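Look at the model below.

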Amino acid sequence: MAEPIIRVQNLTFAYNAQSENPIVALRDINLDIYPGDYLVIVGHNGSGKSTLAKNFNALLTPTEGDVWVAGMNTKARENTLAIRSTVGMVFQIPDNQIVATVVEEDVAFGPENLGVPREEIIERVKWALDIVDMQAERLRAPHLLSAGQKQRVAIAGVIAMRPKVIVLDEATAYLDPVGREDVLRAVRKLNQDGVTVVAITHFMHEAAEGDRVLVLEKSRVVMQGTPREVFGRVEELRELQLDVPQTTDLAYRIHKRLPEFPSDLLMVPEVVDTISEFALRKGVPA
Amino acid sequence: MTVGEPIITVNDLRHTYLRGSPLEVEALKGVNLEVYRGEALGIIGRTGAGKSTTVQHFNGLIRPREKGKVIVFGQDMADPNIDVRGIRQKVGLVFQYPEAQLFERLVGDDVAFGPRKMGLSQAEISERVRWAMNSVGLPFEEFKDRFTFSLSGGEMRKAAIAGVLALRPEVMVLDESTSGLDPRGRKDVLSLIRKGHDEENLTIVFISTNMDDLATLVDRIYVIHDGRTVLSGATREVFAQPEVLRGYGLGVPQITEVMHGLKGRGLPVDERCVSVSQAEEQVWKILSS
């Protein structure tokens, strides 16, 4: 197996660590993220999700333990710049992340600051805008775009710096269903292009997009696995007061009444297929 | 529950922001809707469709200046001489970003602000603040002296709702009041709204882009698209048209999609299911036959 692009070892993080009342936000986290992974982190506000994400690009550094990004320890100051160009971050509210008055200039801002040659900047901006499907809007003013479009511009601005990892911290929280779907499509495309994705979200059906789900509760990792494994544990998720996708909820309820019915269904088509198949055995439709 | 006269009527409403400037935006191009006493009503649409602009007419934050009429509790909102304060006591608005609505240093003072402005007696104010805070799940004794800005996102939203509840409004308009909250906070706020509706007989106008939340809360839905009302009906009737909704950039609850899929396979299900328990019953009827 390849080397992990991000390795987290015994990470404990406390805000105000030096004070008398340190606030411990992460306790003893161990995690390996490999190139090309699509990892989803879920959990309530205050569970430590954003703190963990900020440890991935040295916005925060461990109080105890270590985080390595592409083999570089985040605690070593001299690595900070290289780490931040390896791991790009997209935040909840795109307006805080957009700096220029024209879409393509905003996307060019990052690579310009990295001293990328002009021809390559042009190429990268085109590539980034293609991925997020915003080529047609490249000469528009970002503040007049819809929320979903703005968020896609913010993503383009981050990926134009060619990071190996992109971290999305609730990047779809304030979008409408289509805006959310557009952003997810861009992220999927990016992941297929080989970019490692770490997505933090409260939407459980978005979590189903990933190949791995991590559940944080009170500063610790309490569940981990494929979406199917994690969402199959309906009772535990309920206890944590987290949502279960409606599809899984339905499958689980039927499973409780009919044990041979699978409890770990996730996607709409497979739920439809499975129910139809069981109905056929009963001779329905006749 | 559309019985009797509507308490809010919106007729062919138009509104243009920055009129006459190069940045002019025609936000409303013909909105029609009615709100009936005691109902829980949903308004859905993409961001920028005109939902917030519409509801800001309900309590006079925006007045109709162009074509169209807005009647709220019998008052014509275009008439400059009407009692706007009276209307604002009857129609309470909770915004999406609660931090934009809180301004006092202490939570108790913030909730008390509205009732104080109403000129109520001190005893009545305390009574209302205590009741409002307790009913949103911010126990009065525990939270009244907390700093507003030390609250979590969910708590801030509850404090903003308490501030509106303390006015004892008849209509509560919630503009995306569950967006951006974590699942626990979202459930809390939703059940709080439902309680207000069931126990206090509050009329609810709920704006959301979360179809699952809408399905559990509202009886009736209006769809606003590009400044116009384009669809309305009972919640299950509206969600029974997934293709139409998709055309407006909206979706249906996941569970409704499942039921449409089953119907398409020729199974005898009612595709208008909007909750998991309704779907469970339908599917179980087939599998246990």
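Chain A holds an open sheet of 6 strands in the order 6-7-8-3-9-10, with mixed pairing. Two strands pair if DSSP finds at least two bridges between them. Helices (H or I, at least four residues) and strands (E, at least two) are DSSP runs, numbered from the N terminus. Strand 6 (87-90) and strand 10 (220-225) of chain A stand at the edges; each has a single partner strand, so one side of each lacks a neighbour in the sheet. Neighbouring strands of this sheet are turned by 20 degrees against each other on average, direction ignored.

This is a predicted model, in which local features need pLDDT of at least 70, side-chain atom pairs count only at pLDDT 80 or more, and totals for chains, interfaces and linings use all residues. Residues are numbered from 1 along each chain as its sequence is written, while chains are lettered from A and ligands numbered from 1 in the order in which they are written. The model scores ipTM 0.76 and pTM 0.84. Chain B has a mean pLDDT of 91, and 99% of its residues reach 70 or more. Here pLDDT is the predictor's confidence in each residue, from 0 to 100.

Back to the sheet. Strand 7 (residues 165-169) and strand 8 (residues 196-200) of chain A run parallel, joined by 5 bridges. Asp169(A) stands opposite Ile200(A) in strand 8 of chain A. Helix 1 (residues 49-56) of chain A lies across strand 3 (38-42), strand 6, strand 7, strand 8 and strand 9 (212-217) of chain A, and runs at about 155 degrees to strand 8 of chain A. Helix 5 (residues 147-159) of chain A lies across strand 6 and strand 7 of chain A, at about 165 degrees to strand 6 of chain A. Axes are lines fitted to C-alpha atoms, for helices over the stretch in contact, and angles run from 0 to 180 degrees between N-to-C directions. Contact means that the C-beta atoms of two residues, placed from the backbone, lie within 7 Å.

Now turn to helix 10 (residues 246-257) of chain A. Of its 12 residues, 9 are buried (20 or more other C-beta atoms within 10 Å of a residue's own; exposed is 12 or fewer, partly exposed in between; C-beta atoms are placed from the backbone). What covers them? The cover includes helix 8 (227-231), helix 9 (234-239) and helix 11 (268-281) of chain A, together with helix 8 (211-217), helix 11 (254-264) and helix 12 (276-287) of chain B.

The axes of helix 10 of chain A and helix 11 of chain B come within 8 Å and cross at roughly 65 degrees. Gln246(A), Thr247(A) and Leu250(A) meet Gln254(B), Ile255(B) and Val258(B) there. Across the chains, 36 residues of chain B are in contact with 35 residues of chain A. Helix 12 of chain B gives the most to the chain B side, with 7 residues.

Some backbone details remain. Most residues other than glycine have a negative phi, and most peptide bonds are trans. Ala58(A) has a positive phi of about 65 degrees. Ala58(A) lies in the loop between helix 1 and strand 4 (64-69) of chain A. Glu170(A) has a positive phi of about 50 degrees, and sits in the loop between strand 7 and helix 6 (177-192) of chain A. The peptide bond from Val284(A) to Pro285(A) is cis, with omega near -5 degrees.
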